[in-house]
Amino acid sequence: MGRRAWDVELIKDMFIPHDQDLILSIQLSDSSRGDCWYWSKETSGVYSVGSAYKLLQKQNGDWPIDGADAYWKRIWQLHVPPKVQHLVWRVTSGSLPTKVQLSNKHIHVDLTCPLCTKSPESTSHVLFGCEFARSCWNLSSVTAAGVEEHMFTSWFSDILMSSSKQKAEETAMILWRLWLERNDVLWSNKSTTALEVVRSARTNLDTWKNAQTKVFTPLLNVNFSNDREHWMKPIKTKFKMNVDGAIFEPENRFGFGCILRNGEAKLVEAFSQSKVGRVSPEIAEVVGVKEALSWIKVKNLSDVEIETDSLVVVQAINGSVQMPSQFGLLIQDCQRLLSDLNNVFISFVKRSANRVAHCIARRSCFMSDCIYDELSAPSDLLSIVRDDSFSS
C-alpha cells in the first residue's frame, strides 16, 4: 500500500464514525479525470487539523470545566501567534509530548526533565513544578504556584475569564516560551536564563502584534466591486451578467438564476434552473456561475462581466489553488470555460447589487428552466431592473 493510501486509511480509522461518511469518493463521468478522495468537512476537499478538531469537539467535547465553549472561544480569540494557541490546546487536551506522555504511549525514553535533571518530565512539572519554570513564573505577572496537571484547565480558565486580556496573553506566551526552552535544551543543548524567557516572551508577542498591523497585498487575483451598494451598468464591457444560487432544503433541491443586461441597462435575457440534491451554498453558487459561462459560450458572446455575491467562488476561480473536492472540480470547469471565452471575467459584488439574480434564483425551485426577456419577464422582476437602471 502506497504512502498516500496509508494516510487515507489512517485518517479514516481516526476520524470516521461508523455511521457517517466524512471522506467521500467522487465517481467522475469524465474518463480523463481519475477518481480521488476528498475531505467532506472542508469546501476545498483538503483535510485540515482544524476541521478534524471541530468534528471531534462536536462529538467528544466534554471537558473538565463548566462553560467549556466559552473557554475555547477565549483561547482562539487571544491575540497571540497561532502556534501559541496550539500549544495551549495541546496542554489542555493532554497531548503535549512530554517524556512521561511518550512513555505512557509505550515509547521508551529517559524520563528525566532536561531543565532540572531531577524529576520525571510530566506536563505539570516542565511547565510549573520545575525549578526553572517556577523562576520564570516568579518573574512574570502570573501566579502559577502549585498548579498540578489536572488543574491546568481550571487555572488557565480563571485567567481567561477573570484577568485582563494582556495577562492572559502573557500567560500563553510564557507557556510557549518555556516549552521552546525545553526543546532547545533537549535537542540543541542550548540554555538561557529565566529572565530571558520572560523577556523574550513579551518581546515576541510585541513583535508579532506589530507585524499584524502591516498591510499585505492579497494573494488571490480578485476583481472587487464590493464597495458599491447598487448595481451599475457595464463600463469596461458590452454586457453584464449577474448570477446567484439558492438552496431549498425542504424540497431537497438547489437552483440558480442568471440575468444578462447590456450597456444601456436593458434586460437581454434571464434564465433559471433547479436541480435535485442537498448541497452546500458554495456548490449552488459555483454551479450557477458554470451555467452562466456555458450559456455565454453557446451564445458566442464576448466582452461580458459576470457578477456574483459569493466571494469564495470568485477567489477560487481567479486563484490557482487546486482543490480535490466537488467544489474544486466545478471551479476547474469554470476556469476552462473562461479560457475559451474572449474578454469575459468575474467579479464579486454585495448582495444589494445582485438583487435581480437573487430574485430569479429564489423562483427557480418552482419555476425551473424558465427564460425571460423584456417582453415576458414578470412585473416584479422588471421593477428591480428599472430600479437598477436608475441607480447606475
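**Close-up 1. Arginine 355 and its salt-bridge partners in the predicted model.** Let's start with arginine 355, which counts as partly exposed because its relative accessibility is 34%. In this predicted model, its side chain meets that of aspartate 388 in a salt bridge, with N and O 3.5 Å apart. Aspartate 388 belongs to helix α15 (residues 379-391) and arginine 355 to helix α14, so the bridge ties together parts that lie 33 residues apart in sequence.

**Close-up 2. The salt bridge of aspartate 309 with arginine 351.** Here the two side chains meet with an N to O distance of 2.8 Å. This pair links distant parts of the chain, 42 residues apart: aspartate 309 sits in the loop between β7 (304-308) and α12 (311-318), and arginine 351 in the loop between β8 (344-348) and α14 (355-363). Aspartate 309 is buried, at a relative accessible area of 15%, whereas arginine 351 is partly exposed at 43%.

**Close-up 3. Glutamate 131 paired with lysine 118.** The closest N and O atoms of this salt bridge are 3.1 Å apart. Glutamate 131 is in helix α7 (residues 131-139) and lysine 118 in the loop between α5 and α6, so parts 13 residues apart in sequence are tied together. With a relative accessible area of 42%, glutamate 131 is partly exposed; lysine 118, at 60%, is exposed. A search of the whole structure finds 15 salt bridges.

Close-up 4. You will find valine 109 in the loop between α5 (99-104) and α6 (123-129). Its relative accessibility of 33% is why valine 109 counts as partly exposed.

**Close-up 5. Helices α4 and α8 crossing.** The axes of α4 (residues 82-93) and α8 (residues 152-162) come within 9 Å and cross at roughly 140 degrees, which means that α4 is oblique to α8. Val88, Val91 and Thr92 of α4 make the contact with Phe152, Thr153 and Phe156 of α8.

**Overview. The whole protein as a setting for the close-ups.** The protein has 15 helices and 9 strands, and 46% of its 392 residues count as buried. Of the contacts between residues at least 6 apart in sequence, 64% join residues at least 24 apart. The protein exposes about 21100 Å², with carbon and sulfur atoms supplying 51% of that area.

Methods
Residues numbered from 1 in each chain as written. Predicted model: local features only at pLDDT ≥ 70, side-chain atom pairs only at ≥ 80, totals over all residues. Heavy atoms only, no water. Helix = DSSP H or I, 4+ residues; strand = E, 2+ residues; numbered from the N terminus. Buried < 20%, exposed > 50% of the residue type's maximum accessible area, 1.4 Å probe, protein only. Axes fitted to C-alpha atoms, helices over the stretch in contact; angles between N-to-C directions. Parallel < 35°, antiparallel > 145°, perpendicular 65-115°, else oblique. Contact = heavy atoms within 4.5 Å. Areas by Shrake-Rupley, 256 points an atom, 1.4 Å probe, with all protein chains shown as cover. Salt bridge = Lys/Arg side-chain N within 4 Å of Asp/Glu carboxyl O.
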